[in-house]
Amino acid sequence: MPIYNSYPLVIILLLFVSAFAIPIFKSIKMARIISISAAGISFALSILTLMGVKADGAYYFRVGHFDAPWGIEFHIGIIEGLMGVLFMTVSLAVLWFSVYSIDHDLSKKKVPIFYTLVNLLVGSLLGIVFSDDLFNCFVFIEISSIASCGIVVVKDKKENIKAALKYLILSSLGSGLVLMGIALVYSLTGHLNMPHIHDVLVSIYPDHSRNMLIAIGLFTVGLGVKSAMFPLHTWLPDAHTYAPASSSALLSALVLKAYVILYIKIIHRVFGMSIVGDLPVLNIVLLLGAVGMIAGSVLAILQKNIKRMVAYSSVAQMGYVFFGIGLGTTMGLAAAIFQIFNHAFTKSALFLSAGSIIEKTGKKNIADLKGVGKEMPFTLAIFTIGGMSLVGIPLLSGFNSKWNFAVAVIEAHRVELLAVVLISSLLNALYYFPVIVNGYFGEESLEGKVYRNTERPIKELVPIFALVLGVIYFGVSGGGLLSLIEAGIPALK
Amino acid sequence: MEHLLANYYETGAIILFGVGFVTLLAHGNLIKKIIGMNIMDTAVFLFFIAKGYIAGNEAPIIRSVKSASGYVNPVPTALMLTGIVVAVSITAFALALTIRVYEKYGTVDLNEIIKMGGE
């Protein structure tokens, strides 16, 4: 067994152990050192894992040294490896940025708690991605629910407590539904290990199709609540708006994604397309995704608060992911996973830059932010690149993502859905461009503004530049990532 | 109907699940919401444990050498122990947040809190 096989477990353990080591020291500096070094080591290990998987193919890792039906296993393929790298890259950048910004939002006592929660959160999200055992996934889901509510409520304001409670109630509703789904699947098969469940389910399929429909419906709604599938997104705007900028970036870039990955694994690994293709579930997911793409953008246009606008845009972008899953084709799935990458990099850059603007100018409303481009030219430049990526300007990752969706739609012979992709892109332009244009141009709005008056020092913008670099990299050479994803999809099934 | 009566554990669990689900969604009072959440979780525990129970068999504590068929399935019980721990921690967290909400807003009714609006 090559040594890299144990790295995923090491990553999760390292993040958990470091999370609980932070409160011991009671110093903000130590908290930062521990948290960031744990994330840095995990980042290096995740890259090594991905390289190993790329060379040798997917593998199973027995966590407790028991064989599959009894022991818990991790399944690491290229997709899981890629997700590990993505999660660690984004969380490393966000942790780095939080060093400069989190003091602004939190009292001194709360800062170490923030780092504890972030490490716990990222560890549990990676657990969801890596684990091949449904009940183990459920436990990780619950850890991540508590931790993600924690990083919202760590800022001790009225609105934060309200938002976190709303989030906690809806996400425990979601996990209740997921647990019921697991109970149904367990009662049908007697297994919790995904490939074993799959084998049994396929052999008993036609006799128990109704049970399976209910189970997969429970998984869809449960994980849909948690990953903000359109009509179930009501908790998202509050939680993402009021949370500190670093938390919002993590919540929308990573937390939503882990549940989607679990959903993909449930569809493809647990049930398999031979069963799911027979049931109407994917069409409903496709419909909800398409409605979400449009409705999320329309709701974003109506918002006055810049962070709230970016939060609603997440609903639209998650709509794309569900749209790709709902197509049910390999290309659709690849496009959805590519969109996960695109959205994680873009949205975390957007949230961090919008958070910086609010922090430095003290203004939240889009109408008050006219001329901010003169005061904070670099921050707004980052926001511009992020916004343009989501609109779908070429050479940015959003364009490649939309291109993939267009190809997937045409390959699936559902050309009428192309209209949804195009309309949604146009709607994205309607809310990102006004902020950008009013920020940089207009005699009136620029009057009385001092150049780089409220700009952050360049040093503090480096982590966001790193994320933007990802956006540009996947925009210029998205083909490499896409072919890697396509190579990884067979191992997912 | 016969099926429902024959599987009365499961029927009961699903009815409880529905009760909890509706309580969680329909009530504005946060305490009632948390109670609903607990009923929902308990329903799943009941469902799981009922699935592991084999009538006439003993609890899986090995005292004498007996074949495995003499015991009930221990896996669901073990899983639900974890489930209970998770449910307890979520409940504790939710209750703590409810106390904070009451301190800040002076009410535990979510509808009233939403009416007050933010900022």
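Asp368(A) is partly exposed, with a relative accessible area of 40% (buried denotes under 20% relative accessible area, exposed over 50%, and partly exposed in between, for a 1.4 Å probe and protein chains only). This residue of the predicted model is located in the loop that runs between helix H14 (330-361) and helix H15 (372-375) of chain A; helices (H or I, at least four residues) and strands (E, at least two) are DSSP runs, numbered from the N terminus. Between the C-alpha atoms of Asp368(A) and Gly439(A), which are 71 residues apart along the chain, the separation is 9.8 Å. The model is a predicted one, in which local features need pLDDT of at least 70 and side-chain atom pairs count only at pLDDT 80 or more, whereas totals for chains, interfaces and linings use all residues. Residues are numbered from 1 along each chain as its sequence is written, chains are lettered from A and ligands numbered from 1 in the order in which they are written, and side-chain values use heavy atoms, with hydrogens and water left out.

Helix H7 (residues 194-204) of chain A contains the buried residues Met194(A), Ile197(A), Leu201(A) and Ile204(A). Viewed down the axis of H7(A), these buried residues fall within an arc of 100°, so they line one face of the helix; the arc is that of the directions from the helix axis to the C-beta atoms. An α-helix has 3.6 residues a turn, so residues three or four places apart point the same way. Asp199(A) and Ser203(A), on the other side of H7(A), are exposed. The cover over the buried residues of H7(A) includes helices H5 (134-153), H6 (158-189), H8 (209-226), H10 (245-271) and H11 (273-276) of chain A, where contact means heavy atoms within 4.5 Å.

The contact between the two chains takes 31 residues from chain A and 37 residues from chain B. Chain A and chain B bury about 3200 Å² between them, 82% of it on carbon and sulfur atoms; buried area is the accessible area (1.4 Å probe) that two parts lose on being put together, summed over both. The count between chain A and chain B is 1 salt bridge, defined as a side-chain nitrogen of Lys or Arg within 4 Å of a carboxyl oxygen of Asp or Glu. Asp156(A) forms a salt bridge with Arg100(B), and their closest N and O atoms are 2.6 Å apart. On the side of chain A that touches chain B, the elements giving two or more residues are H5 and H6 of chain A. H6(A) gives the most to that side, with 19 residues.

Over all chains, the structure holds 12 salt bridges. One of them joins the side chains of Asp105(A) and Lys155(A) (3.8 Å, N to O). This pair links distant parts of the chain, with Asp105(A) in helix H3 (residues 78-105) of chain A and Lys155(A) in the loop between H5 and H6 of chain A, 50 residues apart. Asp105(A) is partly exposed at 23% relative accessibility, whereas Lys155(A) is buried at 15%. A salt bridge also connects the side chains of Glu359(A) and Arg456(A) (2.7 Å, N to O), and both Glu359(A) and Arg456(A) are buried.
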